Amino acid sequence: MMDLLLGGPDRLAPYLMLAAALFALGVFACVTRRNPVGYLMGIELMLNAANLDMVAYGRFRSETAAANAQVGSLFVIALAAAEAAVALALVYAIFQNLRDVDLDKIRSLNGEEP
Amino acid sequence: MNVATLIFWPLVAITLVGAAGAAFARNLVYAALSLGASLAGIAGLYFFLQAEYIAVIQMIVYVGGILILILFGVMFSRDIQGTSSQSSWSAKLLGGLASLAALVSLGKLSWTISQKEGLGLLATRSPTSSWVGQISSSSTTHLGDLLMGPFLVPFLVIAVLLTVVLIAALGLVRKDAP
Amino acid sequence: MIDATILSVFLILPLVGAILAWILPERPNAQKTISVSVSIGLLAASILLLIQSVLAQKAGFLLRERIPLLSDWGIAWHVGVDGLSIAMLFLSALVQFAASVVAAPKERVRAYHSLVQLLFVGVNGTFLALDMVFFYTFWEIMLIPMFFLIAIWGGDDRKRAAVKFFLYTMAGSMGMLLVILVLHYKIPAEGVTVGVRTAEVQEQMTVERDGTAQIYDLAILSPDAGGKLAPVQASEIVKGSKSSLSVKILPNFDLLHWKLLAPYWANLRVWGFALAPLALGLLFIAFAVKVPVFPLHLWLPHAHVQAPTAISVVLAGILLKLGVYGLIRVAWPIFPVAALDGATMFAWIGVISIVWGAMAALGQSDFKRLVAYSSISHMGFCVLGLASATSQGISGAAYQCVSHGLSASLLFLLVGCLYDRAHHRRVDGFGGLAQIMPTFSAFFLFAAMVGVGLPGLAGFVGELSSLLGAWSNAATRVAGWVAASGVVLSAAYLLWTVKRVLYGPLRHSEQRAFSDLTITEWAALSPLAVLSILFGVWPGILQSALGPVSASLASHMAWVAGLVRGS
Amino acid sequence: MNPILSALIGLFLPLAVSVFGTFTWRKWGKALDLLSVGALLVGAIATCLGAIELGQSGASVSTSVPWLWFEGTGIVFSLGIHLDALGAMMLFVVQALGFLVLVFSRWYLHDDRFYGKFFASFSFFVFAMSGVVVAPGLLQAFICWELVGLGSYFLIGYWHDKPEASQDPEYQANKPFYATGLIESKLSPSSAQFKAFLVNRIGDFGFLSGLALCAWVVSTWSGFHGGDPLSWSTLFGAVAAGAFGKVTFLGFSGAALLTLAGLLVFLGAMGKSAQFPLHVWLPDAMQGPTTASAIIHAATMVAAGVFLTARIYPMLTPEALVAIQWVGAITAFVAVTIACVQWDFKAVLAYSTISQLGYMMLGLGSGAEAGGYGAGVSHLFTHAIFKCMLFLGAAAVIHALHGIQDLNRMGGLAKKMPLTALATGIGTLAILGVPGFSAFWSKDAILAAASAKVSIASVNGDCTFGALIPWILGLGTAGLTAFYMSRQWLLAFWGKGRDAHAVDHAHDPDKPSVIVLLVLALFSIQAVWTGSLNPASEHSWLSGLLATPLGGLHATAVGLPEELSRVIHIQTMVATLVLLVFGVGAAWFLYAFLPSQGERTAQWLRRDPPTNLVWQWLANLWFIDKAYDWLFVEGLGRRGGKAVAQADLSKCFSLDRTIDEAAGLTGWAGRFANFFQSGRSGAYAGWTLLAVFGALAIVLLYK
């Protein structure tokens, strides 16, 4: 049935739909997680969704587009790695200072004492 | 229903379920592990898209690197079980609304675009079962040419960025860091 | 001899002054020197322009510069000066000089002087701008320094006064922004072709290299042999062989192009409503808040009472004039028919301001408040003159701006002198000062007489011209008659104040120790006084600059009205 | 000498002196007097030569420079000089009287603390008045008119540091029992100058409106081809061509509009010339130095109104003239009744001035064809001279008595200061209209004109009883004038000194001042003016002069047969002589024959309620000043001002509340926005993403 609705691996639709779902899940994780690591996971999900979209579009457009899309997604992966490293370093720094990493309790910018 | 399809749909399911686990699981370790499954699923899908190099990189960097980092990060949490740091209903409502909006909008967008697939908006060439699973070496070579050619400067910038980020991360976690 | 680059001096000089005042170490004399030097520089530049303008005696722009910036949006850096804006720039520089010379606050001197300079960037920019985007921007730029100047260095209730000032002016200018946007989007993308007045072409025409004529950087078109619109040679216009001239205007924000579009606006409807009266109403409110006219004046006394002396001088001396300038430059040219239709209403608004302001001034016991209400009363004459839309009335309004700038600055400076000595502003807290401060008293009587509109001083010319204008238009004649009673009322409150403060026996013996005017006070007051006499005895100087512009506007309005009503 | 040049000298020499004096009087006050006297002497000689040059030919010279113009309208207002016989004569009188008064002032003010200031202000005043006289059009007349007001402001407020009488302990201690309603019990010089300026401004409201009305009508007239619409020739040309018939204002058109215009300008004249009901400033203006009063109330400020009315004569319609005549008659009568009960030496003269000005207006209002124009203008000149002298005489008396102005404390001064008594006596005889003195000629001409107007009306068959009233009021005024002027002279100079301490040390002024008095006394004699003893002589010097400005206006009625005219003159003469005898007789009986008038008045007041009532009514100045105080000063000024000021501040009226609400709205918006800014980074991300994707979803779904 899914085949009928979305086609199969040789159609664009399933990739895009999957990416949309991944993105939505990433959004949910981002908003609800109180732990920065959970937050990070949401972001990773969204990045992956974008990457999947990009590569899929490229493949269904042309050979050149496919190659360019892959280069782009390569860069995104590299950036994601960097971002993860910095995020983890931040988590560590916060942990060192506050002995906890609950995002809901870190509200100094809102004028509240931690 | 051919072999490709038989592999394809379970991969999609793994990806989706893994992502759902990452988003919903109360226990952070479970969440991280299911995220790994999801990332691996995506790597599998890259094979279908003839992006073998990306697939491999995805496995190495994401599943092998970032996921480990995340697992390290989980260890800083006091409440790995997620029993006491339950997010409030308002946050859940907000998250639900936002993700619903994202799903609806992106889904609608994806639907529209994939319907226009045959209208010349995108190339109609599609991966056929004949080449699924075959590793095309030309793709990787071509990628290398691109990275060393037109994309050289961004490539170098990314390299520099990674270096800077690593140093910065080291700086952040120093003992006497602020 | 001079080209349009001199115009940027009016923006760059105060801007540089502001930066210098900020970066130099906090030392009152250093900052004051900067302020005074900047104002002297501006004064020199504006006098140079004024001389040019008086000699030229023409309605056209003396200097004009148009550099397209965002062509897609029709935004251009368009600045220019004609007699009117030159007179205003001159007044602005003069007021800046007076305000810089008198005592400034002792604390946070750097910020104070920077903000004052910044304020004048906005003021001068508004007088220069011919593109509505920049006009609006400069208009709003003025607000911010003024807000802080009142809110930081003001009296006890300064915050409230500043907020009030800000909200009133801001609420007014929202309407202006709306009108600007609506007008912009109401010009169809393919452009509008409108006819232009022959006299305006003759006043404003520029000749391109290939000999074709332009007006405000638009090619002047006329039907050629085949009946198609084609650019016209300037020589043909001079000969008068082409009768029907027109221009094609694309969507933009250009004030002068919008003026040419006046017949187009007059017939435009939006959602079934005629656009022009609504838009003119919004513009009138935006400018009337600044003038200020009767129901929108309530911020003014409050702001004046709270502001420090120099800021009161700036407020009364130049900021109020921006309202009238906006009406003359923006509202009236773009919507002449609506302005003429509403002439009676506008005139009565002016008259009510005159009478109400004067009556309120009669009942004041606070010196600054009294002078503030007198400003409302005097500025009513400007609105009256403008409402008449005659050459006399418009030039009277402009003239009244200058003369009131002089008289109000004088009065506020003098009240400031008193406040510095007595540390209060109650009118009944003084009496018999003529015995101990003769020079002060002479200046005070002089300033009051300028305000009273004594012939031979500047105040008379503006009032007379406004009244003559009002009498010349059937719609405003009765209002003009009632407005003449302003001469009685102004004499009543000003000379009553003079009597109470200066004459009679010395009421408070501790005031015997008051010193007469100091050198700096002299320096601030005497240029204003000299010019009050000069512009009163020999109005031809200013009238040479203001008259042609006013006459051109009056005939523009009459022409558009004829065109629209005739069709 | 070229008349234009002479006028320029007469204008700008005093102006230069006053500008110079303004800055230097503190230092060089003692030298300033000679400078200003010299300037006015030069001015007087120059304008005299100019007047002779211009002669009685009826020619006029004028020159002007553009002053204010309006592009696109063709209107170019000009300032300049316009001299005809009337203007030249007036200019000379102004300059000459100015010179004489200044000479006198050198003695009168010699030890004053503001000595130099007087000469600076005075010179300015003379300049301004000369400007009115030589005005080539209505606008310059108005400009200089206002400057005259400014000059009077300076002169009246000369002793600006004096307290209000009500707050002056010294005055309160010596206040006589009859001080009620006396001007000096009310105002200080600074209040008086304010009052004078303000009342004049009410008149100027009319003048300015009339000026604007004329400018409008003339500039829309088809015969107007650019230039000054308010110059006499253009204005009168437009009037003659019926420009006022083509336009409508408030339903007025044609003659009615012209009447309106004329009366509006006349309102200005009413202010300056202290006509009822704007006469209230003049008595208070006595707070200035007496020599200043001498020039203000003789030849200059108050004369300006009459002069202006004479100038705009061609645009005054018969209806306007009727109004002017009534105003003049009422003014003359009201003032003369008040003058009868004044005990202040200067107050008597002040009300006498008002009353005489009323006479002039009565004359002018009688119309040219009844001979009123010539009569009014003649009286302007003769009155200027003798009233100037009377004021200078008053100055001499007040100076001699060290500031005492109370008639009750005078008496017997004739022995102490005989020359002053002589000069003042001549002046009194002149104002009484005794044959042989100047007012006999000019005042009788006015009464004759008023009578002739009635006769003309009855010849034309439209005589009403009402038309008789101005004439009757004029006759009554003549009789009462005889009473109060002789009363004043008798009280001051006759009999024995009632305040021996003050009177004993009195003496005549110094020689130059006495000469001034005597010169002026000489000009109070009729023959000097008319050149013959016969007052009805048609070919006198002055009547010839007056014939010129408007082309053939005579001091005698031209609208009547000559015999009738003569009968009217003789009737008037006889009537006024009878009234004169009664008036002087009554004054002599009451104030010279019967002794001790102070106590007697007090007894009267106690004994006789009706007399008391009349006395109170007159002593309170017909309650006009009180009504003004109540209505305008207290009511409109203080209370109205306070009420408006409070209304302006009150919350219910102002937009303040709206502003506050707007501020509250902002606060609410802030709290609303605060809800989104919880400080939870997740929430921030959530709202941002919800906004972005929500918007995207809406766009995509509903496109």
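In chain D, residues 548-555 keep a pLDDT under 50. The model still has 20 contacts for this stretch beyond four places in sequence. Here pLDDT is the predictor's confidence in each residue, from 0 to 100, and contact means heavy atoms within 4.5 Å. Where pLDDT is low, the predicted coordinates should not be read in detail. Chain D as a whole averages a pLDDT of 83, and 89% of the residues score at least 70.

This is a predicted model, in which local features need pLDDT of at least 70 and side-chain atom pairs count only at pLDDT 80 or more, while totals for chains, interfaces and linings use all residues. Residues are numbered from 1 along each chain as its sequence is written, chains are lettered from A and ligands numbered from 1 in the order in which they are written, and side-chain values use heavy atoms, with hydrogens and water left out. The model scores ipTM 0.73 and pTM 0.81.

**Which chains meet**

Four pairs of chains are in contact, and chains A and B share the most contacts. Chain C does not touch chain A; their nearest C-alpha atoms are 24 Å apart. Chain C does not touch chain B either, with nearest C-alpha atoms 29 Å apart.

Two of the interfaces are set out below. Buried area is the accessible area (1.4 Å probe) that two parts lose on being put together, summed over both.

| Interface | Residues in contact | Buried area | Share on carbon and sulfur |
|---|---|---|---|
| Chains A and B | 77 of chain A, 88 of chain B | about 7,200 Å² | 75% |
| Chains B and D | 11 of chain B, 12 of chain D | about 930 Å² | 88% |

**Chain A against chain B**

F28(A), M41(A) and R59(A) supply 9% of the area that chain A buries here, more than any other three residues. No salt bridges are counted between the two chains. A salt bridge is a side-chain nitrogen of Lys or Arg within 4 Å of a carboxyl oxygen of Asp or Glu. There are six residue pairs in polar contact, both at pLDDT 80 or more. A polar contact is a pair of N or O atoms within 3.5 Å; within protein, one must be able to donate a hydrogen and the other to accept it, and residues adjacent in sequence count only if both atoms are side-chain atoms.

Four elements of chain A give two or more residues to this side: helix 1 (2-6), helix 2 (13-32), helix 3 (36-61) and helix 4 (63-98). Helix 4 of chain A gives the most, with 26 residues. Helices (H or I, at least four residues) and strands (E, at least two) are DSSP runs, numbered from the N terminus. By class, the side has 52 nonpolar, 13 polar and 12 charged residues. Ala, Val, Leu, Ile, Met, Phe, Trp, Tyr, Cys and Pro count as nonpolar, Asp, Glu, Lys and Arg as charged, and the others, Gly among them, as polar.

**Chain B against chain D**

The side of chain B that touches chain D has nine nonpolar residues, one polar and one charged.

**A salt bridge in chain C**

Over all chains, the count comes to 16 salt bridges. One of them joins the side chains of R329(C) and D82(C), at 2.7 Å from N to O. R329(C) lies in helix 13 (residues 309-334) of chain C and D82(C) in the loop between strand 2 (75-81) and helix 3 (83-101) of chain C, so the pair ties together parts 247 residues apart in sequence.
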